[in-house]
Amino acid sequence: MRVLLISAALAALASASPAMSQSAPNAAPWDQDFLPPAPEWNGASRSLIRRSTDPWATDFEKDPELNFSPDHAATRAWFDRLDASSDLIRIEAFGVSPEGRPIYAVIASKDGATLDPAKPVLMVQAGIHPGEIDGKDAGMMLLRDIAHYGKAHLLDEVNLILIPILSVDGHERAGPYSRPNQRGPRIQGWRNTATNQNLNRDYMKVDQEETRAVRGLILKYRPDLYVDVHVTDGMDYQYDITFGFNGESGAYSRSPHSSAWLNDAFKPMMYAALEDEGHIPGELVFGIDGENPRAGMSDGGLGERFSNGWGAAAHVPTILIENHSLKPYRQRVLGTYVFIETAMHLLEKDGDALRAAILSDAALRPAEIPANFEPDPTPQRTVAFKGIRYETYRSESSGREEIRWLGMPDPEAWSLPFYGSRPTLTLSRPEAYWVPGHRADLIDRLAIHGVRMERIEAPRTVDVDMLRLIDPAVAGRTNEGHVPISVKTVEVERRDWTFPAGSVRVPTDQPLGDVVVLLLEPQSNESFFAWGLIPEVLNRVEYIEGYAIAPLADRMLAADPALKAEFEAKLAAEPEFAANGDARLQWFYERTPFFDDRFRLYPIARETR
């Protein structure tokens, strides 16, 4: 009934608004008239649009409102036609989705079937969140222009790989009601996959077929620059194309040399190119207070589960584009076209310097690794922000003051505090880790990352540090199909431990060493353990009855003065413990040889000097 009432309200709104009653192919019965107005835009990049009668016009360009994006089948048919028409274009399937759809890349190159390793590779990924599909339509236009309209020279010194739709199943769960905060296209895909997973939270745990497939493509072609195209949610502002990367504007980066290149060489030229075409580029920022737009901006976090966080840890320079959701679809698509083309020019001009930076980052072996970043309560700097005027009003539905964006650029820049992120944990880098052979699933995940490992063919006893987990906590809700587990404290136990055949030694002296540490240290919130993939260590087996432990505990007190003193000190310090007979007996049980020695003993060991 509630859905019917909402639909009726939208239909009434549509009938009352001429703008909402226009008929168009695949149009919604309403035109998101509840969204804030968009500032008028007449950027020079409009010249990139070809006439709808052009034989190579895309479905986006054929739409009278430039507000349409084709479905998976139509997109693939168009690319197949482009592939057949040009030796510069080829299609490569690199995975299959959970619902059986092919996942493919479109490769533009003058090199034929094998890319020249001397040329930089730009990989552009669209549709990781399929409702945010700007990169697909921009990529179609640019590849068409490379193949047929005079831009083949872009491939003289650079190769381009476009993933038009990564989350192909989500792309096909399409409709007009997928992205309520976003202006176009009319029909949008769904944010999550067929398995209801967010692929931009899967870069470390690599659960999903789509993520595993794209990781294989990255390992195959080793892109020098990886661009992940999204669309924002959140507040209104003047910027239409925002982008960012870990290490922007002096922030921390696990790849400081690549971040320096992105800051010093890439960012200024990209800003200039976008501005020349009538766009307003900006730094990727997020408002910290939805009720007060002037409260400040943040970096949104530096986690490795995101594409840009993983890229910094893996030394793959990665840019996260977030086009502004409230700008018209045509404006966002054209800005993305300019971005991709300019990135190709930059790699042609300065790709050697970026490659040198990547090599320098890949050689780093920091002894200490910051982890578990959280918002820093102290502002990092002040930013001049191009805001949109707004007012507040009393909402009958919410019963409170709400913000109404007015669609008018504020002529005066807002001076806002910018809050970065800070680590809450520092991890020490061991020589290596040992993963037991019975956890082949974890070994497979490391292999998907491209981690170098040494597999043993026979049992081996090794002098290692085993970790005892102290008071691990299981989350009260799921996250991305897992029940997270956290642990703040571990105790190190030096042991001679025998690992069975099939176990692996994972050295940290490798380019992916930081990724290894973040995945295998249980205190890391990006670790396999934190994602709930090693829950068995929390299960205790075998118990002792009170009639057995009570007399045994009394004997232990009588025989061991030091134990007696420790027990009495605990009784004095912890009244709740003193009043709990079961807890008191449990304390003694844990100090007997009967207690399960592997309870909360983390199965992955550290090898240290």
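User: Before we look at the sheet, when do two strands count as paired?

Analyst: Two strands pair if DSSP finds at least two bridges between them. In general, strands of a sheet pair through backbone hydrogen bonds, either parallel or antiparallel. Keep in mind that this is a predicted model.

User: Thanks! What is the strand order in the open sheet of eight strands?

Analyst: The order runs β1-β2-β4-β3-β5-β10-β6-β7, and the pairing is mixed.

User: Which strands stand at the edges, and why is one side of each left without a neighbour?

Analyst: Those are β1 (89–96) and β7 (281–283); each has a single partner strand, so one of its sides has no neighbour in the sheet. From one strand to the next, the twist averages 25°.

User: In which sense do β1 and β2 pair?

Analyst: β1 pairs with β2 (residues 102–108) in the antiparallel sense, over seven bridges.

User: Which strands does helix α3 touch?

Analyst: Helix α3 (residues 72–85) packs on the sheet and touches β1, β2 and β4 (159–163). The direction of α3 makes about 140° with that of β1. Now look at helix α7 (residues 256–276), which also packs on the sheet, touching β5 (225–231), β6 (241–244), β7 and β10 (318–323). The direction of α7 makes about 150° with that of β7.

User: Let's turn to charges. How many salt bridges does the structure hold?

Analyst: There are 49 salt bridges. Take Glu 99 and Arg 101, whose side chains meet at 2.7 Å, N to O. Glu 99 is partly exposed, with a relative accessible area of 49%, and Arg 101 is partly exposed too, at 25%.

User: Are Arg 468 and Glu 493 buried or exposed?

Analyst: Both are buried, meaning under 20% relative accessible area. Their side chains form a salt bridge of 2.9 Å, N to O. This pair links distant parts of the chain, with Arg 468 in β19 (residues 460–470) and Glu 493 in β22 (residues 489–499), 25 residues apart.

User: Where do Arg 600 and Asp 471 lie?

Analyst: Their side chains meet in a salt bridge at 3.8 Å, N to O. Arg 600 lies in the loop between α15 (581–589) and β24 (601–607), and Asp 471 in the loop between β19 and β20 (473–474), so the pair ties together parts 129 residues apart in sequence. Arg 600 is partly exposed at 25% relative accessible area, whereas Asp 471 counts as exposed at 60%.

User: Which residues are linked in a network of salt bridges?

Analyst: Glu 132, Arg 179, Arg 191 and Asp 233 are linked in such a network.

Key:
Residues are numbered from 1 along each chain as its sequence is written. This is a predicted model: local features need pLDDT of at least 70, side-chain atom pairs count only at pLDDT 80 or more; totals for chains, interfaces and linings use all residues. Side-chain values use heavy atoms; hydrogens and water are left out. Helices (H or I, at least four residues) and strands (E, at least two) are DSSP runs, numbered from the N terminus. Axes are lines fitted to C-alpha atoms, for helices over the stretch in contact, and angles run from 0 to 180 degrees between N-to-C directions. Contact means heavy atoms within 4.5 Å. A salt bridge is a side-chain nitrogen of Lys or Arg within 4 Å of a carboxyl oxygen of Asp or Glu. Buried means under 20% relative accessible area, exposed over 50%, partly exposed in between (1.4 Å probe, protein chains only).
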